[in-house]
Protein chains: 2
Amino acid sequence: MINRKNIAFAIIVFAIIPACFSLLYAQTADPLPSWNDNETKKRIISFVKKVTDANSGSFVPKHERIAVFDNDGTLWAEKPAYFQQAFLLHRIDQISDKYPEWKMKQPFKAALERDYDYLRKMDKKLLNKLFIMTHTKMSQDEFDKLAHEFINTAKHPKLKKLYKELVYQPMLELMDYLRDNGFKVFICSGGGLEFIRAFSYAVYGVPKENVIGTTFQYEMKEDDKGVYIYRKPEFVKPINLKSGKAVMIQRYIGTRPIFGVGNSNGDIQMLRFVASGDKPSMNLLLMHDDEKREFKYDRGAKVAFEIAHKNNWQVVSIKKEFRVVFPDKP
Amino acid sequence: MINRKNIAFAIIVFAIIPACFSLLYAQTADPLPSWNDNETKKRIISFVKKVTDANSGSFVPKHERIAVFDNDGTLWAEKPAYFQQAFLLHRIDQISDKYPEWKMKQPFKAALERDYDYLRKMDKKLLNKLFIMTHTKMSQDEFDKLAHEFINTAKHPKLKKLYKELVYQPMLELMDYLRDNGFKVFICSGGGLEFIRAFSYAVYGVPKENVIGTTFQYEMKEDDKGVYIYRKPEFVKPINLKSGKAVMIQRYIGTRPIFGVGNSNGDIQMLRFVASGDKPSMNLLLMHDDEKREFKYDRGAKVAFEIAHKNNWQVVSIKKEFRVVFPDKP
């Protein structure tokens, strides 16, 4: 008898046959094609197999498979200025119309002139004041609009691409591979929480609730449409760097991650937090050693590399491990 | 030719045929069997159909389908003491061996004697001091152990069941139904973040990272095993109640929820935050009006019901809407 249920059943069966072939293909296809067939790739695949195999003795249940990635310099390029610093400078440009005296007054002068030497040496407290000045005293909706405008148009000064195209293709594949194996992938960045959230889903497939970052205090306010969130000129403590990363991972996730990826001294505590748990764990530390395709630097990362070598964390040379650095098409 | 791929293919096809029948069955089965066929159930199903139908004009993409549930009195019984208060009293019992003078000294005397009248009228600041005294100055691992022990053994004084069995079966089904339709279900409670996390997955299927609650400050500390989280005797601000719930939803989730469930004045701002967005939304407010099967009270909820009536939030009478209150087997 042909009825609606039979038709539905037939549709499902015929839709599933090609799906089975894809599944067979997927099982044999290389999950990390932009990684060279070196030690890093082998270790990653072996780790994932181990924690997802219920009979391995190293099995980790799905809801406890947490991976944390630093953002700037780990998921995308951070030189000459990390992305949010570029946004900060852009915001100072925007506001400067109202303050003509800034052209002669530091640190605004350096910001307007893109004097990166000055900016890098600038006192951290002063830098934080600039962040507060450009990122707060507005509704969350207004901030989201400013962030989206910037992200969709801002180009890298040297590499001549949109910033959002400067993500590392191998890291996109690694995040997909982990998610395909039941991991929940989080970003844990010193950068601003809501700034990263403005592009995390579109660029990395990471939904907003899986972003941990440095955060401003909020206040609930009210207008004719109802209630909304207002961004106050004050940081939530701790700042999401160094030991703050371990603290915020506990606060936001509550489960100790088993997979960590970073690239600098600011990530040491996060990676140590990953490695100090009872469960099997794996850490990667990205090394910027490819002047030709990306940048070459180790400023602010030397201690991290020493600790990585001592603790058998996998050091990932961009030069040797990345077959491709940036995606062809974003 | 019979090879491993063909066998794998055959296994997949034969495994899928019964799966198709289950799928057909699932499409016709009642997703909310413990709800009576009244207005609430109809409105919930109609709302979910609308936001998940790409052609409805009210479609909400999967990654933005966020639902927030209050915990005490919304997901489970909160009388005569909400669960964490029971844990607080239990912790005071545990510690009291060291302080024999507590038997004569308030507020400890009231706690040891379970004098709920005294405890309810107690100054909030004093109550918070008791929480700090019993919940902090220990590692997160130590706290988890204490919380698990309590959750697995503590019985409700009147209903004579384990507390964790006093969840509302209709709410469990509602959470499942929402998740089956691509929603991400969060708990947003005035209760302690890590206390709720100690049972949220086992009892509600809500993983730790989907819990928002009142939080203590943490510090990263170090021992021979590596780094760990220490619970400091200090609250993170704001406390997760009233406008604090809207603030913390922004901080933790970053996307305005489209579905909210609460039961008291402490949930008003959360539900208003849900209702004030640009997307379609739905709010439920649970009414405790069933003295026979649960409890009857409206203390601390009157304003919420006034606002619910004005704004067409769905008021849910336990008496009329819940066919079953507690699960037969937890």
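Predicted model: local features only at pLDDT ≥ 70, side-chain atom pairs only at ≥ 80, totals over all residues.
Residues are numbered from 1 along each chain as its sequence is written, and chains are lettered from A and ligands numbered from 1 in the order in which they are written.

Helices (H or I, at least four residues) and strands (E, at least two residues) are taken as DSSP runs and numbered from the N terminus. In chain A, an open sheet is built from three strands in the order β2-β6-β5, with antiparallel pairing; two strands are regarded as paired if DSSP finds at least two bridges between them. Strands β2 and β5 (216-223) of chain A are the edge strands, each pairing on one side only. The antiparallel pair β2(A) and β6(A) is joined by two bridges, and A:Met138 has A:Arg231 in β6(A) as its bridge partner. Between β5(A) and β6(A), which also run antiparallel, there are seven bridges. Within this pair A:Glu219 stands opposite A:Tyr230 in β6(A), and the two strands, β5(A) and β6(A), form a hairpin with two residues between them.

Chain B likewise contains an open sheet of three strands, ordered β2-β6-β5 and paired in antiparallel fashion. Because β2 (138-139) and β5 (216-223) of chain B stand at the edges with a single partner strand each, one side of each is left without a neighbour in the sheet. Helix α11 (residues 268-275) of chain A packs on this sheet, where it touches β5 and β6 of chain B. Strands β2(B) and β6(B) run antiparallel and are joined by two bridges, with B:Met138 opposite B:Arg231 in β6(B).

Two packed helices are described by the angle between their axes and the distance between the axes. For helix α7 (residues 140-153) and helix α9 (residues 193-204) of chain A, the axes come within 9 Å and cross at roughly 55 degrees. The helices α7(A) and α9(A) are therefore oblique to each other, given that angles under 35 degrees count as roughly parallel, over 145 as roughly antiparallel, 65 to 115 as roughly perpendicular and the rest as oblique. On the α7(A) side, A:Gln140, A:Phe143, A:Asp144, A:Ala147, A:His148 and A:Ile151 meet A:Glu194, A:Phe195, A:Ala198 and A:Phe199 of α9(A); contact requires C-beta atoms, placed from the backbone, to lie within 7 Å.

In chain B, helix α9 (residues 193-204) is mostly covered, with nine of its twelve residues buried. A residue is buried if 20 or more other C-beta atoms lie within 10 Å of its own, exposed if 12 or fewer, and partly exposed in between, with C-beta atoms placed from the backbone. Among the buried residues of α9(B) are B:Phe195, B:Ile196, B:Phe199 and B:Tyr204. Their cover includes α3 (83-96), α7 (140-153), α8 (169-180), β3 (184-192) and β4 (211-214) of chain B. Just after α9(B), B:Gly205 adopts a positive phi of about 70 degrees.

The largest nonpolar core comprises 151 residues, and those with the most contacts inside it are A:Ile249 and B:Ile249. Such a core is a set of buried Ala, Val, Leu, Ile, Met, Phe, Trp, Tyr and Cys residues joined through C-beta atoms within 7 Å. Leaving aside residues up to four places away in sequence, B:Ile249 touches B:Val68, B:Cys188, B:Ile212, B:Pro257, B:Met270 and B:Phe273.

Several backbone features fall in loops. B:Lys242 counts as partly exposed because 17 C-beta neighbours lie inside 10 Å. In chain A, A:Lys137 has a positive phi near 60 degrees, in a residue other than glycine. A:Lys137 lies in the loop between α6 (124-135) and β2 (138-139) of chain A and, with 14 C-beta neighbours inside 10 Å, counts as partly exposed.

How values were computed:
Contact = placed C-beta atoms within 7 Å. Axes fitted to C-alpha atoms, helices over the stretch in contact; angles between N-to-C directions.
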